[in-house]
Amino acid sequence: MTTPKQTPELVPSVEELEAQERRLVFERFTYDDAWALGSLLVEMARERQAPVAIDIHRAGQQLFHAALPGSAPDNDAWIARKRRVVERYGSASYLVGARHRAKGTTFEASSRLDPDTYAAHGGSFPLTVEGVGVIGAVTVSGLPQLQDHELVVEALERFLAGRGSAAASG
């Protein structure tokens, strides 16, 4: 399966994606934060009538899960595959795929990982705690991969801005 060509001005660069990760950092991430972030994602998805499933994992434990109308069991499989990419590489699933595309290849062709287990498609973003590192992932599945990624990023931006606890470094 080849990745369809996308209009360059609409697709964020590897540098832009890396900047998102540097910017979207938590001072802490609690069970209550998982509930609040997950609930925000549900609210945003409902406003857009987005047929998505939403998942938040921390340290191997599922802290939040929701499946909205129009989502399917397949979305849960995509969530697991995208989340494993974040857990293995410590970067957003979309960024991992973009790094491979920037080298003129695909994640599937060059990673040598089982595509039934790992998917470097957009929608899973690392939960990074300042001074600690990546502690989990927030994942959305159900939209085209860039839209999944953008929904998660927008929710993280809103959540961190509302809390005033982003470790702004870039």
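A residue counts as buried when its relative accessible area is under 20%, and as exposed when that area is over 50%. Keep those two cut-offs in mind. The model here is predicted.

Start with helix H2. Its buried residues are Asp33, Ala34, Leu37, Gly38, Leu40, Leu41, Val42, Met44 and Ala45. What do the buried residues of H2 pack against? They pack against strand S1 (53-58), S2, strand S3 (124-129), strand S4 (133-141) and H6.

Now look along the helix. H2 has 17 residues. From its first C-alpha to its last it reaches 24 Å, close to the 24 Å expected at 1.5 Å a residue. Next, its ends. Threonine 30 caps the N-terminal end of H2. A side-chain oxygen of threonine 30 lies 3.3 Å from the backbone nitrogen of aspartate 32. Just after H2 comes glutamine 49, with a positive phi of about 55°.

Turn to the aromatic rings. A pair of aromatic rings is described by two things: the distance of the centres and the angle of the planes. Rings pair if their centres lie within 6.5 Å. By this rule there are four aromatic pairs. One of them joins phenylalanine 26 and phenylalanine 159. Their centres are 5.9 Å apart, and their planes make an angle of 50°. Planes over 60 degrees apart would count as edge-to-face and planes under 30 as stacked, so this pair is tilted. The pair links distant parts of the chain, 133 residues apart. Phenylalanine 26 is in the loop between helix H1 (14-23) and helix H2 (31-47), while phenylalanine 159 is in helix H6 (residues 145-163).

Another pair brings us back to H2. Tryptophan 35 and phenylalanine 64 are edge-to-face, at 5.5 Å centre to centre and 65° between the planes. Tryptophan 35 lies in H2 and phenylalanine 64 in strand S2 (residues 61-67), so the pair ties together parts that are 29 residues apart in sequence. Tryptophan 35 is exposed, at 56% relative accessible area. Phenylalanine 64 is buried, at 7%.

Finally, find two charges over rings. Arginine 58 lies over the face of tyrosine 31, at 4.4 Å from the ring centre. The charged end of arginine 81 sits over the ring of tryptophan 78, 4.2 Å from its centre.

Terms used:
Residues numbered from 1 in each chain as written. Predicted model: local features only at pLDDT ≥ 70, side-chain atom pairs only at ≥ 80, totals over all residues. Heavy atoms only, no water. Phe/Tyr/Trp six-rings, centres within 6.5 Å; stacked < 30°, edge-to-face > 60°. Helix = DSSP H or I, 4+ residues; strand = E, 2+ residues; numbered from the N terminus. Buried < 20%, exposed > 50% of the residue type's maximum accessible area, 1.4 Å probe, protein only. Lys NZ or Arg CZ within 6 Å of the ring centre and 35° of its normal. Expected span 1.5 Å × (residues − 1). Contact = heavy atoms within 4.5 Å. Polar contact = N/O pair within 3.5 Å; in protein donor to acceptor, adjacent residues only side chain to side chain.
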